[in-house]
Amino acid sequence: MPGRGRASVNDMVRVETAILLRVSRDEKSEDGSSHLSGSELAQAIGVSEFRTRSAVARLVQGGDLVSTPCFKSDGGQAANALAITDAGKARLDRLFSPR
């Protein structure tokens with residue numbers, strides 16, 4: 001993302017779309033969700049961890065993603081499982097369907 005400071009609406013839409021695409025790609029895993037940590041997800045889509053956390057929160061609040069806490073066998077926190085909802089799939093369809 002160019003510049004510093006606050007992200008424009010277009011920048012946030014671009015980040016949110018990248019997250020939805022990544023989670024959608026990861027759905028092919030065993031449990032149908034993405035288990036990337038915040039830093040791994042940020043690195044995968046090429047933005048800061050702060051911007052990634054903010055976008056994930058917006059997607060969860062908007063109903064496009066579901067975030068489920070995961071824990072290690074010793075009880076420690078593991079990366080949350082992210083799963084795309086039907087609303088998130090519809091959002092991607094609207095963005096990428098031929099007009």
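Arg-22 and Asp-26 sit 4 residues apart in helix 1, about one turn of the helix, where helices are DSSP runs (H or I) of at least four residues, numbered from the N terminus. The two form a salt bridge, with the closest N and O atoms 3.3 Å apart; the term covers a side-chain nitrogen of Lys or Arg within 4 Å of a carboxyl oxygen of Asp or Glu. Asp-26 is buried, at 14% relative accessible area (buried is under 20%, exposed over 50%, partly exposed in between, using a 1.4 Å probe and protein chains only).

This is a predicted model, in which local features need pLDDT of at least 70 and side-chain atom pairs pLDDT 80 or more, while totals for chains, interfaces and linings use all residues. Residues are numbered from 1 along each chain as its sequence is written, and side-chain values use heavy atoms, leaving out hydrogens and water.

Helix 1 (residues 9-26) also holds Asp-11 and Arg-14, 3 residues apart, and their side chains meet in a salt bridge at 2.4 Å, N to O. Here Asp-11 counts as buried at 10% relative accessibility, whereas Arg-14 is partly exposed at 47%.

Another salt bridge pairs Arg-91 with Glu-16, with 2.7 Å between the closest N and O atoms. Arg-91 belongs to helix 4 and Glu-16 to helix 1, so this pair ties together parts 75 residues apart in sequence. Both Arg-91 and Glu-16 are buried. Across the whole structure, the search turns up 6 salt bridges.

Helix 4 (residues 86-96) also contains Phe-96, which is exposed, with a relative accessible area of 53%.

Key: Helix = DSSP H or I, 4+ residues; strand = E, 2+ residues; numbered from the N terminus.
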